[in-house]
Amino acid sequence: MARRGKAAGGPPLRARLVLLGPGLSYLAVLLLLPLALLIGYTVFRRGRFGGIAYEDGSTGENFARITDPLYAGVLTDSLRIAAVTTLLALLLGYPTAYAISRLPGRWRTVALVLVVLPFWTNFLIRTYAWIVLLSSRGVVNSALTGIGVIDRPLKLLYTEPAVVLGLLYAYLPLMVLPLYSAIERVDPRLLEASADLGARPARTYLSVTLPHTLPGVLTGCVFVFVPSLGNFVVPELLGGGHTVMVGNLIRDQFLNARDWPFGSVLALALMAFLVLLLMAQAWAGRRLGGR
Amino acid sequence: MRRATLLPLWLTYAFLYTPVVVLVVMSFNRSASPYEWSGFSTAWYGTLAGDDEILRGLANTLIVAAGATALSTVLGTLLAVGLARHASGSRLLPALSVLPAVLPDIVLAIGLLAFYSLVSATLGLHSVLLAHTVFGLAFVTAVVRTRIAHVDPSLEEASRDLGANEVTTFLRITLPTLAPGIVAGALLTFTLSLDEFVIAFFTAGPKDPTLPIVIYSMIRFGVTPEINALATLLLAVSFTVVIAAQRVSRLTEAL
(Lines give C-alpha, C1' and ligand atoms only; values in the text may rest on other atoms or scores of the structure.)
Protein backbone atom coordinates (compact mmCIF):
# COMPACT_ATOMS: atom_id res chain seq x y z
CA MET A 1 0.00 0.00 0.00
CA ALA A 2 1.25 3.44 -0.86
CA ARG A 3 1.92 5.95 1.84
CA ARG A 4 -1.03 8.08 2.81
CA GLY A 5 -1.15 11.79 2.08
CA LYS A 6 -1.35 13.60 5.40
CA ALA A 7 -4.53 15.63 5.76
CA ALA A 8 -2.79 18.67 7.19
CA GLY A 9 0.72 18.35 5.73
CA GLY A 10 1.85 19.25 2.21
CA PRO A 11 0.92 16.91 -0.63
CA PRO A 12 3.57 14.49 -1.86
CA LEU A 13 5.98 15.98 -4.37
CA ARG A 14 5.38 13.07 -6.72
CA ALA A 15 1.65 13.82 -7.10
CA ARG A 16 2.46 17.45 -7.74
CA LEU A 17 4.95 16.51 -10.46
CA VAL A 18 2.65 14.03 -12.17
CA LEU A 19 -0.33 16.39 -12.19
CA LEU A 20 1.28 19.75 -12.93
CA GLY A 21 4.41 18.65 -14.77
CA PRO A 22 3.11 17.55 -18.19
CA GLY A 23 0.74 20.46 -18.79
CA LEU A 24 3.11 23.15 -17.54
CA SER A 25 6.04 21.73 -19.53
CA TYR A 26 3.85 21.68 -22.64
CA LEU A 27 2.90 25.33 -22.15
CA ALA A 28 6.51 26.29 -21.41
CA VAL A 29 7.78 24.75 -24.66
CA LEU A 30 4.90 25.49 -27.05
CA LEU A 31 3.58 28.76 -25.63
CA LEU A 32 6.15 30.65 -23.56
CA LEU A 33 9.16 29.77 -25.70
CA PRO A 34 7.41 30.81 -28.97
CA LEU A 35 6.31 34.11 -27.39
CA ALA A 36 9.84 34.69 -26.06
CA LEU A 37 11.17 34.02 -29.58
CA LEU A 38 8.88 36.69 -31.04
CA ILE A 39 10.04 39.18 -28.43
CA GLY A 40 13.65 38.28 -29.11
CA TYR A 41 13.26 38.57 -32.90
CA THR A 42 12.24 42.22 -32.66
CA VAL A 43 15.81 43.43 -32.10
CA PHE A 44 17.46 41.43 -34.91
CA ARG A 45 17.75 41.87 -38.67
CA ARG A 46 15.89 39.70 -41.15
CA GLY A 47 17.66 36.83 -42.82
CA ARG A 48 17.95 36.92 -46.59
CA PHE A 49 15.60 33.93 -47.06
CA GLY A 50 13.41 34.44 -44.02
CA GLY A 51 14.34 33.68 -40.45
CA ILE A 52 16.84 35.78 -38.58
CA ALA A 53 20.39 36.91 -39.39
CA TYR A 54 21.85 36.72 -35.89
CA GLU A 55 25.37 37.36 -37.23
CA ASP A 56 24.33 40.91 -38.28
CA GLY A 57 23.87 41.93 -34.63
CA SER A 58 21.00 43.73 -32.96
CA THR A 59 19.13 46.79 -34.18
CA GLY A 60 16.35 49.19 -33.17
CA GLU A 61 15.20 49.70 -36.76
CA ASN A 62 12.25 47.35 -36.52
CA PHE A 63 10.61 49.45 -33.84
CA ALA A 64 11.35 52.65 -35.76
CA ARG A 65 9.58 51.30 -38.86
CA ILE A 66 6.26 51.10 -37.06
CA THR A 67 6.10 54.92 -37.04
CA ASP A 68 6.33 54.91 -40.86
CA PRO A 69 3.03 56.55 -41.97
CA LEU A 70 2.23 53.49 -44.10
CA TYR A 71 2.33 51.08 -41.15
CA ALA A 72 1.04 53.53 -38.55
CA GLY A 73 -1.89 54.10 -40.92
CA VAL A 74 -2.64 50.38 -41.01
CA LEU A 75 -2.60 50.26 -37.22
CA THR A 76 -5.01 53.19 -36.86
CA ASP A 77 -7.23 51.75 -39.64
CA SER A 78 -7.36 48.45 -37.76
CA LEU A 79 -8.30 50.16 -34.50
CA ARG A 80 -10.99 52.19 -36.29
CA ILE A 81 -12.48 49.17 -38.09
CA ALA A 82 -12.51 47.08 -34.89
CA ALA A 83 -14.05 49.99 -32.94
CA VAL A 84 -16.80 50.63 -35.52
CA THR A 85 -17.56 46.90 -35.63
CA THR A 86 -17.80 46.80 -31.82
CA LEU A 87 -20.08 49.85 -31.74
CA LEU A 88 -22.43 48.40 -34.39
CA ALA A 89 -22.46 45.06 -32.56
CA LEU A 90 -23.47 46.89 -29.38
CA LEU A 91 -26.19 48.93 -31.14
CA LEU A 92 -27.71 45.79 -32.66
CA GLY A 93 -26.81 43.36 -29.87
CA TYR A 94 -28.14 45.30 -26.89
CA PRO A 95 -31.76 45.65 -28.08
CA THR A 96 -31.61 42.05 -29.30
CA ALA A 97 -30.46 40.75 -25.92
CA TYR A 98 -33.08 42.95 -24.24
CA ALA A 99 -35.82 41.53 -26.48
CA ILE A 100 -34.74 37.96 -25.68
CA SER A 101 -34.81 38.68 -21.93
CA ARG A 102 -38.43 39.88 -22.28
CA LEU A 103 -39.59 36.67 -23.99
CA PRO A 104 -41.57 34.05 -22.06
CA GLY A 105 -39.17 31.64 -20.27
CA ARG A 106 -39.34 28.65 -22.60
CA TRP A 107 -38.74 30.80 -25.68
CA ARG A 108 -35.60 32.42 -24.32
CA THR A 109 -33.40 29.35 -24.77
CA VAL A 110 -34.70 28.82 -28.30
CA ALA A 111 -34.10 32.48 -29.17
CA LEU A 112 -30.54 32.32 -27.77
CA VAL A 113 -29.72 29.09 -29.60
CA LEU A 114 -30.92 30.71 -32.84
CA VAL A 115 -28.47 33.57 -32.27
CA VAL A 116 -25.57 31.16 -31.69
CA LEU A 117 -26.38 28.54 -34.37
CA PRO A 118 -24.69 30.26 -37.34
CA PHE A 119 -21.64 30.63 -35.10
CA TRP A 120 -21.14 26.86 -35.09
CA THR A 121 -20.51 26.69 -38.83
CA ASN A 122 -17.22 27.20 -40.57
CA PHE A 123 -15.94 30.75 -40.17
CA LEU A 124 -14.60 30.91 -43.74
CA ILE A 125 -17.89 29.77 -45.22
CA ARG A 126 -19.81 32.38 -43.23
CA THR A 127 -17.46 34.99 -44.70
CA TYR A 128 -17.81 33.52 -48.19
CA ALA A 129 -21.59 33.89 -47.94
CA TRP A 130 -21.09 37.66 -47.93
CA ILE A 131 -19.10 37.47 -51.18
CA VAL A 132 -22.13 35.77 -52.77
CA LEU A 133 -24.38 38.51 -51.38
CA LEU A 134 -22.24 41.58 -52.06
CA SER A 135 -20.32 40.96 -55.29
CA SER A 136 -21.14 43.04 -58.37
CA ARG A 137 -23.19 40.17 -59.83
CA GLY A 138 -24.26 39.05 -56.36
CA VAL A 139 -27.66 38.62 -54.81
CA VAL A 140 -28.04 42.16 -53.43
CA ASN A 141 -27.07 43.87 -56.68
CA SER A 142 -29.25 41.50 -58.76
CA ALA A 143 -32.22 42.21 -56.53
CA LEU A 144 -31.69 45.98 -56.62
CA THR A 145 -31.27 46.13 -60.41
CA GLY A 146 -34.15 43.66 -60.79
CA ILE A 147 -36.65 45.94 -59.09
CA GLY A 148 -35.16 48.98 -60.83
CA VAL A 149 -33.74 50.84 -57.83
CA ILE A 150 -30.33 51.13 -59.51
CA ASP A 151 -29.16 50.87 -63.14
CA ARG A 152 -25.66 49.64 -62.60
CA PRO A 153 -24.41 47.39 -59.81
CA LEU A 154 -23.09 49.17 -56.73
CA LYS A 155 -19.57 48.51 -55.53
CA LEU A 156 -20.33 46.75 -52.27
CA LEU A 157 -17.63 44.10 -52.06
CA TYR A 158 -13.96 44.99 -51.52
CA THR A 159 -14.79 48.07 -49.44
CA GLU A 160 -14.21 48.95 -45.80
CA PRO A 161 -17.94 48.72 -44.95
CA ALA A 162 -17.91 45.17 -46.37
CA VAL A 163 -15.07 44.31 -43.96
CA VAL A 164 -16.99 45.82 -41.03
CA LEU A 165 -20.10 43.89 -42.06
CA GLY A 166 -18.14 40.62 -42.26
CA LEU A 167 -16.59 41.14 -38.81
CA LEU A 168 -19.97 42.12 -37.37
CA TYR A 169 -21.48 38.95 -38.83
CA ALA A 170 -18.68 36.82 -37.43
CA TYR A 171 -18.74 38.16 -33.87
CA LEU A 172 -22.26 39.47 -33.14
CA PRO A 173 -23.18 36.42 -31.00
CA LEU A 174 -20.19 37.20 -28.74
CA MET A 175 -21.88 40.53 -27.96
CA VAL A 176 -25.40 39.18 -27.46
CA LEU A 177 -24.51 36.40 -24.99
CA PRO A 178 -22.80 38.46 -22.22
CA LEU A 179 -25.38 41.23 -22.66
CA TYR A 180 -28.21 38.76 -22.29
CA SER A 181 -26.78 37.27 -19.11
CA ALA A 182 -26.26 40.77 -17.67
CA ILE A 183 -29.80 41.92 -18.51
CA GLU A 184 -31.26 38.66 -17.22
CA ARG A 185 -29.61 39.17 -13.84
CA VAL A 186 -31.17 42.57 -13.17
CA ASP A 187 -33.42 42.05 -10.15
CA PRO A 188 -37.07 42.44 -11.30
CA ARG A 189 -37.91 43.89 -7.86
CA LEU A 190 -35.75 46.90 -8.70
CA LEU A 191 -37.78 47.46 -11.86
CA GLU A 192 -41.04 47.12 -9.90
CA ALA A 193 -39.80 49.51 -7.23
CA SER A 194 -38.90 52.04 -9.90
CA ALA A 195 -42.33 51.70 -11.51
CA ASP A 196 -44.09 51.90 -8.12
CA LEU A 197 -42.26 55.13 -7.40
CA GLY A 198 -43.80 56.55 -10.56
CA ALA A 199 -40.94 56.23 -13.07
CA ARG A 200 -41.96 55.72 -16.68
CA PRO A 201 -40.45 52.72 -18.53
CA ALA A 202 -37.82 54.86 -20.27
CA ARG A 203 -36.77 56.42 -16.99
CA THR A 204 -36.59 52.98 -15.31
CA TYR A 205 -34.47 51.72 -18.16
CA LEU A 206 -32.01 54.63 -17.95
CA SER A 207 -31.63 54.67 -14.17
CA VAL A 208 -31.94 50.96 -13.32
CA THR A 209 -31.45 48.54 -16.22
CA LEU A 210 -28.69 50.33 -18.12
CA PRO A 211 -26.33 50.98 -15.16
CA HIS A 212 -26.75 47.40 -13.95
CA THR A 213 -25.87 45.96 -17.35
CA LEU A 214 -22.75 48.06 -18.02
CA PRO A 215 -20.34 45.27 -16.92
CA GLY A 216 -22.00 43.03 -19.55
CA VAL A 217 -21.55 45.80 -22.11
CA LEU A 218 -17.81 45.93 -21.32
CA THR A 219 -17.44 42.15 -21.62
CA GLY A 220 -19.32 42.04 -24.92
CA CYS A 221 -17.25 44.90 -26.34
CA VAL A 222 -13.99 43.13 -25.45
CA PHE A 223 -15.27 39.84 -26.92
CA VAL A 224 -16.00 41.57 -30.26
CA PHE A 225 -13.10 44.03 -30.37
CA VAL A 226 -10.29 41.55 -29.63
CA PRO A 227 -10.92 39.03 -32.44
CA SER A 228 -11.87 41.83 -34.86
CA LEU A 229 -8.58 43.64 -34.33
CA GLY A 230 -6.39 40.62 -35.12
CA ASN A 231 -8.47 39.21 -37.97
CA PHE A 232 -6.84 38.92 -41.40
CA VAL A 233 -9.27 36.60 -43.20
CA VAL A 234 -12.24 38.98 -43.40
CA PRO A 235 -10.19 41.97 -44.65
CA GLU A 236 -8.58 39.72 -47.24
CA LEU A 237 -11.77 38.07 -48.54
CA LEU A 238 -14.20 41.01 -48.23
CA GLY A 239 -11.68 43.88 -48.44
CA GLY A 240 -9.90 42.36 -51.41
CA GLY A 241 -6.51 43.90 -50.62
CA HIS A 242 -7.90 47.44 -50.48
CA THR A 243 -8.53 47.29 -46.77
CA VAL A 244 -5.44 46.12 -44.92
CA MET A 245 -5.51 45.40 -41.20
CA VAL A 246 -2.65 44.66 -38.82
CA GLY A 247 -3.34 40.91 -39.12
CA ASN A 248 -2.76 41.07 -42.87
CA LEU A 249 0.53 42.90 -42.30
CA ILE A 250 1.72 40.29 -39.81
CA ARG A 251 0.73 37.48 -42.17
CA ASP A 252 2.59 39.13 -45.06
CA GLN A 253 5.73 39.76 -43.02
CA PHE A 254 5.91 36.11 -42.03
CA LEU A 255 4.76 34.35 -45.20
CA ASN A 256 5.51 36.72 -48.11
CA ALA A 257 8.00 39.44 -47.24
CA ARG A 258 9.95 37.06 -45.00
CA ASP A 259 10.67 39.85 -42.56
CA TRP A 260 10.14 38.04 -39.28
CA PRO A 261 11.65 40.75 -37.03
CA PHE A 262 9.22 43.40 -38.29
CA GLY A 263 6.34 40.91 -38.20
CA SER A 264 7.20 40.25 -34.55
CA VAL A 265 7.16 43.99 -33.78
CA LEU A 266 3.67 44.22 -35.34
CA ALA A 267 2.49 41.21 -33.31
CA LEU A 268 3.79 42.82 -30.11
CA ALA A 269 2.03 46.08 -31.04
CA LEU A 270 -1.21 44.11 -31.46
CA MET A 271 -0.72 42.47 -28.07
CA ALA A 272 0.12 45.81 -26.45
CA PHE A 273 -3.21 47.25 -27.62
CA LEU A 274 -5.04 44.25 -26.23
CA VAL A 275 -3.27 44.39 -22.86
CA LEU A 276 -4.14 48.10 -22.59
CA LEU A 277 -7.73 47.28 -23.47
CA LEU A 278 -7.98 44.51 -20.85
CA MET A 279 -6.44 46.81 -18.24
CA ALA A 280 -8.97 49.50 -19.14
CA GLN A 281 -11.75 46.94 -18.86
CA ALA A 282 -10.56 45.79 -15.44
CA TRP A 283 -10.31 49.43 -14.30
CA ALA A 284 -13.79 50.27 -15.60
CA GLY A 285 -15.16 47.08 -14.07
CA ARG A 286 -13.77 48.06 -10.66
CA ARG A 287 -15.22 51.58 -10.97
CA LEU A 288 -18.63 50.17 -11.85
CA GLY A 289 -18.49 47.54 -9.15
CA GLY A 290 -17.44 50.07 -6.52
CA ARG A 291 -20.52 52.25 -6.79
CA MET B 1 -45.25 42.39 -25.01
CA ARG B 2 -44.84 45.28 -27.40
CA ARG B 3 -43.90 44.70 -31.01
CA ALA B 4 -41.26 47.44 -30.94
CA THR B 5 -39.25 45.49 -28.36
CA LEU B 6 -39.16 42.42 -30.60
CA LEU B 7 -38.20 44.30 -33.76
CA PRO B 8 -34.40 44.23 -33.11
CA LEU B 9 -34.58 40.47 -32.56
CA TRP B 10 -36.16 39.93 -35.97
CA LEU B 11 -33.61 42.29 -37.51
CA THR B 12 -30.77 40.25 -35.97
CA TYR B 13 -32.27 36.99 -37.23
CA ALA B 14 -32.66 38.44 -40.74
CA PHE B 15 -29.02 39.54 -40.64
CA LEU B 16 -27.78 36.19 -39.33
CA TYR B 17 -29.84 33.90 -41.56
CA THR B 18 -30.03 35.68 -44.95
CA PRO B 19 -26.49 34.58 -45.90
CA VAL B 20 -27.21 31.05 -44.66
CA VAL B 21 -30.37 30.76 -46.79
CA VAL B 22 -28.63 32.17 -49.86
CA LEU B 23 -25.76 29.67 -49.48
CA VAL B 24 -28.11 26.72 -49.21
CA VAL B 25 -30.33 27.79 -52.14
CA MET B 26 -27.36 28.42 -54.42
CA SER B 27 -25.93 24.96 -53.68
CA PHE B 28 -28.79 23.55 -55.79
CA ASN B 29 -28.00 25.84 -58.72
CA ARG B 30 -27.49 24.14 -62.09
CA SER B 31 -24.94 26.52 -63.64
CA ALA B 32 -21.35 26.98 -62.55
CA SER B 33 -21.98 30.53 -61.37
CA PRO B 34 -22.24 30.87 -57.62
CA TYR B 35 -24.42 33.97 -58.15
CA GLU B 36 -27.02 33.44 -60.91
CA TRP B 37 -29.88 30.99 -60.58
CA SER B 38 -30.43 28.77 -63.62
CA GLY B 39 -32.52 25.85 -62.43
CA PHE B 40 -32.50 23.15 -59.76
CA SER B 41 -29.80 20.48 -59.67
CA THR B 42 -28.01 18.34 -57.14
CA ALA B 43 -25.01 17.91 -59.45
CA TRP B 44 -22.64 19.87 -57.21
CA TYR B 45 -23.16 17.40 -54.37
CA GLY B 46 -21.96 14.70 -56.79
CA THR B 47 -18.91 16.78 -57.71
CA LEU B 48 -18.21 17.27 -54.03
CA ALA B 49 -18.42 13.55 -53.26
CA GLY B 50 -15.77 12.88 -55.93
CA ASP B 51 -13.43 15.72 -54.91
CA ASP B 52 -10.31 14.05 -53.55
CA GLU B 53 -8.79 17.27 -52.28
CA ILE B 54 -11.78 18.01 -50.07
CA LEU B 55 -12.08 14.44 -48.83
CA ARG B 56 -8.38 14.40 -47.97
CA GLY B 57 -8.75 17.75 -46.23
CA LEU B 58 -11.65 16.37 -44.24
CA ALA B 59 -9.64 13.28 -43.24
CA ASN B 60 -6.69 15.49 -42.21
CA THR B 61 -8.97 17.71 -40.14
CA LEU B 62 -10.49 14.74 -38.34
CA ILE B 63 -7.03 13.29 -37.58
CA VAL B 64 -5.80 16.61 -36.18
CA ALA B 65 -8.98 17.24 -34.17
CA ALA B 66 -9.03 13.72 -32.70
CA GLY B 67 -5.32 13.78 -31.80
CA ALA B 68 -5.37 17.29 -30.37
CA THR B 69 -8.50 16.48 -28.36
CA ALA B 70 -6.98 13.31 -26.87
CA LEU B 71 -3.73 15.05 -25.95
CA SER B 72 -5.48 18.20 -24.63
CA THR B 73 -7.90 16.16 -22.54
CA VAL B 74 -5.15 14.21 -20.76
CA LEU B 75 -2.84 17.19 -20.21
CA GLY B 76 -5.69 19.60 -19.35
CA THR B 77 -7.38 17.28 -16.85
CA LEU B 78 -4.12 16.59 -15.00
CA LEU B 79 -3.28 20.29 -15.00
CA ALA B 80 -6.73 21.30 -13.74
CA VAL B 81 -6.56 18.82 -10.84
CA GLY B 82 -2.97 19.86 -10.11
CA LEU B 83 -3.88 23.56 -10.06
CA ALA B 84 -6.84 22.97 -7.76
CA ARG B 85 -5.15 20.58 -5.33
CA HIS B 86 -1.48 21.56 -5.36
CA ALA B 87 -1.25 25.17 -6.54
CA SER B 88 -4.31 26.78 -4.98
CA GLY B 89 -2.24 29.72 -3.74
CA SER B 90 -0.74 30.54 -7.13
CA ARG B 91 -2.23 33.24 -9.35
CA LEU B 92 0.43 32.99 -12.03
CA LEU B 93 -0.11 29.35 -13.02
CA PRO B 94 -3.89 29.62 -13.60
CA ALA B 95 -3.26 32.77 -15.67
CA LEU B 96 -0.67 30.89 -17.73
CA SER B 97 -3.13 28.05 -18.30
CA VAL B 98 -5.77 30.35 -19.86
CA LEU B 99 -3.29 32.47 -21.84
CA PRO B 100 -3.63 30.43 -25.08
CA ALA B 101 -7.40 30.94 -25.02
CA VAL B 102 -7.15 34.74 -24.88
CA LEU B 103 -4.10 35.23 -27.08
CA PRO B 104 -4.93 36.43 -30.64
CA ASP B 105 -4.73 33.35 -32.87
CA ILE B 106 -2.32 35.01 -35.29
CA VAL B 107 0.20 35.68 -32.50
CA LEU B 108 0.13 32.03 -31.40
CA ALA B 109 0.38 31.00 -35.07
CA ILE B 110 3.53 33.00 -35.89
CA GLY B 111 5.09 32.15 -32.53
CA LEU B 112 4.70 28.45 -33.24
CA LEU B 113 5.95 28.89 -36.81
CA ALA B 114 9.05 30.59 -35.38
CA PHE B 115 9.46 27.79 -32.84
CA TYR B 116 9.14 25.01 -35.45
CA SER B 117 11.65 26.78 -37.63
CA LEU B 118 14.07 27.17 -34.70
CA VAL B 119 14.06 23.44 -33.96
CA SER B 120 14.04 22.66 -37.73
CA ALA B 121 10.85 20.62 -37.42
CA THR B 122 9.17 19.55 -40.65
CA LEU B 123 5.65 20.90 -40.94
CA GLY B 124 2.72 18.53 -41.39
CA LEU B 125 -0.29 17.19 -39.59
CA HIS B 126 1.79 16.56 -36.45
CA SER B 127 2.76 20.24 -36.18
CA VAL B 128 -0.89 21.33 -36.49
CA LEU B 129 -1.91 18.73 -33.93
CA LEU B 130 0.67 19.97 -31.41
CA ALA B 131 -0.36 23.59 -32.12
CA HIS B 132 -4.07 22.90 -31.63
CA THR B 133 -3.24 21.16 -28.35
CA VAL B 134 -1.92 24.49 -27.01
CA PHE B 135 -5.36 26.11 -27.06
CA GLY B 136 -7.21 22.81 -26.48
CA LEU B 137 -5.24 22.32 -23.27
CA ALA B 138 -6.30 25.80 -22.11
CA PHE B 139 -9.99 25.15 -22.75
CA VAL B 140 -10.01 21.69 -21.12
CA THR B 141 -8.18 23.07 -18.07
CA ALA B 142 -10.63 25.98 -17.77
CA VAL B 143 -13.74 23.80 -18.07
CA VAL B 144 -12.49 21.09 -15.70
CA ARG B 145 -11.40 23.70 -13.13
CA THR B 146 -14.93 25.13 -12.94
CA ARG B 147 -16.14 21.57 -12.30
CA ILE B 148 -13.58 20.91 -9.56
CA ALA B 149 -14.80 24.00 -7.71
CA HIS B 150 -18.05 22.12 -7.11
CA VAL B 151 -16.50 18.80 -6.06
CA ASP B 152 -16.21 18.01 -2.38
CA PRO B 153 -12.53 17.28 -1.53
CA SER B 154 -13.62 15.20 1.49
CA LEU B 155 -14.55 12.39 -0.95
CA GLU B 156 -10.89 12.08 -1.92
CA GLU B 157 -9.82 12.24 1.73
CA ALA B 158 -12.33 9.52 2.61
CA SER B 159 -10.95 7.32 -0.15
CA ARG B 160 -7.39 7.75 1.15
CA ASP B 161 -8.50 7.17 4.74
CA LEU B 162 -10.07 3.90 3.63
CA GLY B 163 -6.67 2.82 2.35
CA ALA B 164 -6.80 3.57 -1.39
CA ASN B 165 -3.54 4.85 -2.83
CA GLU B 166 -3.29 8.09 -4.83
CA VAL B 167 -3.64 6.43 -8.23
CA THR B 168 -6.71 4.46 -7.18
CA THR B 169 -8.24 7.56 -5.60
CA PHE B 170 -7.61 9.56 -8.77
CA LEU B 171 -9.06 6.89 -11.05
CA ARG B 172 -12.06 5.87 -8.94
CA ILE B 173 -13.05 9.13 -7.22
CA THR B 174 -11.55 12.20 -8.89
CA LEU B 175 -12.01 11.20 -12.54
CA PRO B 176 -15.64 10.02 -12.32
CA THR B 177 -16.75 13.15 -10.45
CA LEU B 178 -15.00 15.32 -13.04
CA ALA B 179 -16.28 13.32 -16.04
CA PRO B 180 -18.96 15.81 -17.21
CA GLY B 181 -16.39 18.61 -17.21
CA ILE B 182 -13.82 16.47 -19.02
CA VAL B 183 -16.35 15.49 -21.71
CA ALA B 184 -17.44 19.11 -22.13
CA GLY B 185 -13.82 20.27 -22.46
CA ALA B 186 -13.03 17.52 -24.98
CA LEU B 187 -16.10 18.37 -27.12
CA LEU B 188 -15.20 22.05 -27.04
CA THR B 189 -11.62 21.31 -28.14
CA PHE B 190 -12.79 18.98 -30.93
CA THR B 191 -15.25 21.59 -32.27
CA LEU B 192 -12.73 24.42 -32.14
CA SER B 193 -10.05 22.31 -33.81
CA LEU B 194 -12.40 21.27 -36.66
CA ASP B 195 -13.06 24.91 -37.52
CA GLU B 196 -9.62 26.35 -36.79
CA PHE B 197 -7.98 28.06 -39.76
CA VAL B 198 -5.36 30.64 -38.79
CA ILE B 199 -3.02 28.44 -36.71
CA ALA B 200 -3.37 25.54 -39.16
CA PHE B 201 -2.62 27.89 -42.08
CA PHE B 202 0.74 28.80 -40.54
CA THR B 203 1.76 25.40 -39.19
CA ALA B 204 0.41 22.87 -41.72
CA GLY B 205 3.05 22.99 -44.43
CA PRO B 206 2.12 22.57 -48.11
CA LYS B 207 1.46 18.84 -48.34
CA ASP B 208 -1.31 18.16 -45.85
CA PRO B 209 -3.89 20.97 -45.77
CA THR B 210 -6.77 20.68 -43.32
CA LEU B 211 -10.33 21.25 -44.56
CA PRO B 212 -10.46 24.96 -43.58
CA ILE B 213 -7.26 25.51 -45.58
CA VAL B 214 -8.81 23.74 -48.60
CA ILE B 215 -11.94 25.90 -48.24
CA TYR B 216 -9.78 29.02 -48.03
CA SER B 217 -7.98 28.27 -51.28
CA MET B 218 -11.29 27.38 -52.98
CA ILE B 219 -12.72 30.76 -51.98
CA ARG B 220 -9.62 32.59 -53.12
CA PHE B 221 -8.89 30.82 -56.38
CA GLY B 222 -11.99 29.34 -57.94
CA VAL B 223 -15.51 29.65 -56.73
CA THR B 224 -18.09 27.16 -57.93
CA PRO B 225 -21.38 26.04 -56.31
CA GLU B 226 -19.38 23.05 -55.09
CA ILE B 227 -18.33 25.21 -52.14
CA ASN B 228 -22.00 26.03 -51.49
CA ALA B 229 -22.75 22.31 -51.44
CA LEU B 230 -19.93 21.79 -48.96
CA ALA B 231 -21.19 24.74 -46.90
CA THR B 232 -24.71 23.28 -46.85
CA LEU B 233 -23.45 19.89 -45.67
CA LEU B 234 -21.29 21.47 -42.94
CA LEU B 235 -24.25 23.61 -41.88
CA ALA B 236 -26.47 20.54 -41.72
CA VAL B 237 -23.93 18.68 -39.57
CA SER B 238 -23.43 21.64 -37.22
CA PHE B 239 -27.16 22.27 -36.86
CA THR B 240 -27.81 18.59 -36.14
CA VAL B 241 -25.04 18.44 -33.55
CA VAL B 242 -26.19 21.64 -31.81
CA ILE B 243 -29.82 20.52 -31.74
CA ALA B 244 -28.83 17.05 -30.52
CA ALA B 245 -26.62 18.58 -27.80
CA GLN B 246 -29.52 20.78 -26.77
CA ARG B 247 -31.83 17.74 -26.54
CA VAL B 248 -29.28 15.74 -24.57
CA SER B 249 -28.64 18.56 -22.09
CA ARG B 250 -32.41 18.97 -21.62
CA LEU B 251 -32.70 15.21 -21.01
CA THR B 252 -29.89 15.18 -18.46
CA GLU B 253 -31.40 18.22 -16.75
CA ALA B 254 -34.71 16.39 -16.53
CA LEU B 255 -33.11 13.32 -14.96
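**A walk through a two-chain predicted model**

B:Ala121 touches B:Tyr116 and B:Ser127, if residues up to four places away in sequence are not counted, where two residues are in contact if their C-beta atoms, placed from the backbone, lie within 7 Å. This is a predicted model, in which local features need pLDDT of at least 70 and side-chain atom pairs count only at pLDDT 80 or more, while totals for chains, interfaces and linings use all residues. Residues are numbered from 1 along each chain as its sequence is written, and chains are lettered from A and ligands numbered from 1 in the order in which they are written.

B:Ala121 sits in the loop that joins helix H5 (105-118) to helix H6 (125-148) of chain B; helices here are DSSP runs (H or I, at least four residues), as strands are (E, at least two), numbered from the N terminus. Because B:Ala121 has 15 C-beta neighbours inside 10 Å, it counts as partly exposed: a residue is buried if 20 or more other C-beta atoms lie within 10 Å of its own, exposed if 12 or fewer, and partly exposed in between, with C-beta atoms placed from the backbone. The loop between H5 and H6 of chain B also holds B:Ser120, which is exposed, with 6 other C-beta atoms within 10 Å. Most residues other than glycine have a negative phi. B:Ser120 has a positive phi of about 50° although it is not a glycine. In chain A, A:Arg258 also has a positive phi, of about 60°, and is not a glycine; A:Arg258 belongs to the loop between H11 and H12 of chain A and, with 15 C-beta neighbours inside 10 Å, counts as partly exposed.

Where do the two chains meet? Their contact takes 67 residues from chain A and 65 residues from chain B. On the side of chain A that touches chain B, several helices each supply at least two residues, among them helix H1 (13-41), helix H3 (69-101), helix H9 (201-230) and helix H12 (260-289). H1(A) gives the most to this side, with 17 residues, and the residues of the side of chain A that touches chain B divide into 50 nonpolar, 11 polar and six charged; in this count Ala, Val, Leu, Ile, Met, Phe, Trp, Tyr, Cys and Pro are nonpolar, Asp, Glu, Lys and Arg are charged, and the others, Gly among them, are polar. Helix H1 of chain A also contains A:Leu17, which counts as partly exposed, with 13 C-beta neighbours inside 10 Å.

Of its 144 residues, A:Val132, B:Ile110 and B:Leu112 touch the most other members. Helix H7 (residues 160-185) of chain A gives the most to this core, with 18 residues. Domain 1 (17-50) and domain 2 (53-225) of chain B, whose bounds come from an automatic or database domain assignment, both give residues to this core, so the core lies between them. A:Val132 touches A:Gly138 and A:Val139 as well as B:Val22, B:Leu23, B:Met26, B:Pro34 and B:Tyr35, not counting residues up to four places away in sequence.

The centres of these two domains of chain B, taken over C-alpha atoms, are separated by 35 Å, and their contact takes seven residues from domain 1 and four residues from domain 2. Elsewhere in chain B, helix H3 (residues 52-86) and helix H10 (residues 211-221) pack at an angle of about 145°, with their axes 7 Å apart; axes are lines fitted to C-alpha atoms, for helices over the stretch in contact, and angles run from 0 to 180 degrees between N-to-C directions. H3(B) brings B:Glu53, B:Ile54, B:Gly57, B:Leu58 and B:Thr61 to this contact, and H10(B) brings B:Leu211, B:Ile213 and B:Val214, which divide into five nonpolar, two polar and one charged.

Finally, an unreviewed UniProt entry lists residues 58-245 of chain B as "domain: ABC transmembrane type-1", with positions given in the numbering used here, feature names shortened, and annotations that may be inferred rather than shown by experiment. In the model this span is 82% helix and 0% strand, and its end C-alpha atoms lie 22 Å apart.

Methods:
Core = buried A, V, L, I, M, F, W, Y, C linked by C-beta atoms within 7 Å.
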